[in-house]
Structures are given as structure tokens and as C-alpha cells.
Amino acid sequence: MFANSRSVKLLCRGVLTTLCGGILLSASAHEITTNAMYLHNAPKWLKRVRVEKVIDRIQSKLEWSTRRIHGYYYTDEQAFAKAHGLGPKAIAVTKSSKSGIVVHLGPKITNKNFDYQFGHEMVHVIIAQKYKGAIPKWLEEGLANHLSRAPKVDYEALNRHPLPQDVTKLAHPFSGEASLIHFRYKASQALAEMLSKKCDLENLIRLSVERKMENYIETYCEIKDINLAFRKWVESKVKKKVKS
Ligand SMILES: [Zn+2]
């Protein structure tokens with residue numbers, strides 16, 4: 001999840017207090033420092049080497065060295081909600097403002113899902129630092145899922161929902177009903193999977209630095225009508241599943 005706000009302020013720099021920016025530090029919490037991030041209040045099960053591994057993989061995919069940012073892990077849902085302000089459905093949020101980029105990791109981030117949930121946020125961080133407005137909003141969540149190796153799209157489930165008339169209206173997928181939010185994320189991820197199949201996604205991203213990716217989707221990927229291409233893509237994936 002990604003939020004852009006002008007009024008967001010960095011929480012507690014150099015935190016080593018017992019209460020910081022509404023985060024209660026548990027006795028087993030620790031701080032992890034890497035070249036890319038100060039991760040405050042990290043849970044006991046999380047080690048520096050694992051954080052670095054995820055960061056390195058995403059950085060190498062997006063060819064970038066992150067300018068060091070702060071990240072906060074929350075064990076308390078209320079403190080987490082207060083920090084991101086996006087409502088109860090958020091699991092992790094990357095906030096970008098004039099004072100910098102901050103990653104907030106909520107209590108639903110566990111030992112089991114950490115790698116792709118955290119990887120997803122690192123994609124947002126790098127998009128904000130490197131690509132600025134070049135990656136279309138309707139693709140950003142899907143790209144973050146795709147590059148962080150989130151569970152793949154279930155096309156049959158996706159197809160049970162009416163497909164959007166215009167996929168470029170998929171932006172801001174974090175508002176509305178839970179099922180709709182889920183659908184928007186997965187539709188955006190399906191678009192990333194489609195682009196990855198139809199053209200060299202890593203090169204498409206590379207080409208798009210500080211330029212509009214949408215133009216390259218048309219010229220480099222030769223996709224003239226993204227909506228038509230998407231409907232056909234979903235159809236073919238559903239057919240393939242039925243056959244197999
Ligand atoms: Zn996201």
C-alpha cells in the first residue's frame with residue numbers, strides 16, 4: 001500500500017525510547033540497521049540478514065540503491081492505524097511526504113508473510129525514490145505484488161468479478177469494500193503478469209525512468225488497447241486453467 005501526503009512527518013528519529021510515535025516497544029523488539037533502512041521495533045523472529053535479503057532482491061530487480069529510510073514495526077493495531085491513517089484494512093503502508101519516506105509494518109506481518117509483504121513495500125519505496133510519477137498508479141500495487149513474489153493471481157476467481165471497463169481507473173485500491181480492494185490489487189497484479197509475459201517487464205521498467213510508462217506500453221510492448229489486451233489475457237488464462 002502506498003500513501004502520499006504532504007503533512008506526514010517522520011516518526012521518532014534515532015528511537016531508543018520505550019514509547020515512540022505511538023509504538024509500544026516490546027521487550028523482545030530490537031532495531032535493525034541496513035544500508036537501506038533503520039527498522040525500529042523489529043520483532044524477535046526477524047533478523048537483519050533476512051531484511052537485507054529482501055531489500056537486495058528488490059533493489060536488484062529495480063536497479064537501485066535505496067537512500068536510507070525509517071521503518072516501524074507495530075505490535076499494536078491501533079498504534080499502527082494511527083500512524084498510517086488509511087483505515088482498518090491496511091497491512092503495511094509506505095508513506096511519502098516532503099520530510100521523507102516511511103514504511104509502517106502492521107501486526108498482521110508475520111514470520112510467514114514477511115518476505116513478500118515487506119518486499120511489496122520496498123517496491124513502493126524505490127518507485128517513490130527512483131521512478132517518481134513514471135509508473136502509472138493503476139499498475140503500482142500490482143507491480144509491487146508481482147516483484148515481491150506475492151501469491152499468484154487466481155484468474156478464475158478474478159473473472160468471477162466484473163472486469164473493469166477501464167483498467168487505468170484501478171488506482172487507489174485501498175478504499176471501499178474488502179472484496180473490492182482485494183479484486184483491485186489482484187487485477188493490478190494480473191496486469192503486471194500480462195506485461196511480464198507480453199514484453200520484457202524489467203526493460204519496460206528501466207525505460208520508464210522519469211518518463212511515462214504508459215507510452216512505452218504502447219510502443220515497446222505494442223499494446224495499443226490495454227483494456228482489450230487485459231480482457232483477452234484474463235480470458236486466455238481462465239481457458240488454460242479449465243483445460244489443465
Ligand atoms: Zn502497496
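Q: At what angle do helix α3 and helix α4 (residues 137–147) pack?
A: This is a predicted model, in which local features need pLDDT of at least 70, side-chain atom pairs count only at pLDDT 80 or more, and totals for chains, interfaces and linings use all residues. Residues are numbered from 1 along each chain as its sequence is written, and side-chain values use heavy atoms, without hydrogens or water. Helices are DSSP runs (H or I, at least four residues) numbered from the N terminus. The axes of α3 and α4 (lines fitted to C-alpha atoms over the stretch in contact, with angles from 0 to 180 degrees between N-to-C directions) lie 8 Å apart, and the packing angle is about 125 degrees.

Q: Is α3 oblique or roughly perpendicular to α4, and why?
A: The angle between α3 and α4 is about 125 degrees. Because roughly parallel is under 35, roughly antiparallel over 145 and roughly perpendicular 65 to 115 degrees, the relation of α3 to α4 is oblique.

Q: Which residues of α4 meet α3?
A: From α3, the contact (heavy atoms within 4.5 Å) takes H120, V123, H124 and I127. Facing them in α4 are E140, E141, L143, A144, N145 and L147.

Q: How many nonpolar residues does the contact of α3 with α4 have?
A: Ala, Val, Leu, Ile, Met, Phe, Trp, Tyr, Cys and Pro count as nonpolar, Asp, Glu, Lys and Arg as charged, and the others as polar. By these classes the contact of α3 with α4 has three polar and two charged residues, while the nonpolar ones number five.

Q: How far apart are the axes of helix α1 and helix α3?
A: α1 spans residues 48–62 and α3 residues 114–131. The two pack at an angle of about 45 degrees, and their axes are separated by 9 Å.

Q: Which residues of α1 meet α3?
A: On the α3 side are F114, D115, F118, G119, M122, V123, I126, K130 and Y131. This contact has 11 nonpolar, two polar and three charged residues. The α1 side consists of R50, V51, V54, I55, I58, Q59 and L62.

Q: Is α6 roughly perpendicular or oblique to α9?
A: α6 and helix α9 (residues 226–243) pack at an angle of about 95 degrees, their axes being 10 Å apart. With that angle, α6 relates to α9 as roughly perpendicular.

Q: Which residues of α9 make the contact with α6?
A: α6 contributes A187, A190, L191, E193, M194 and K197. The contact of α6 with α9 holds eight nonpolar, no polar and two charged residues. Those from α9 are I226, A229, F230 and W233.
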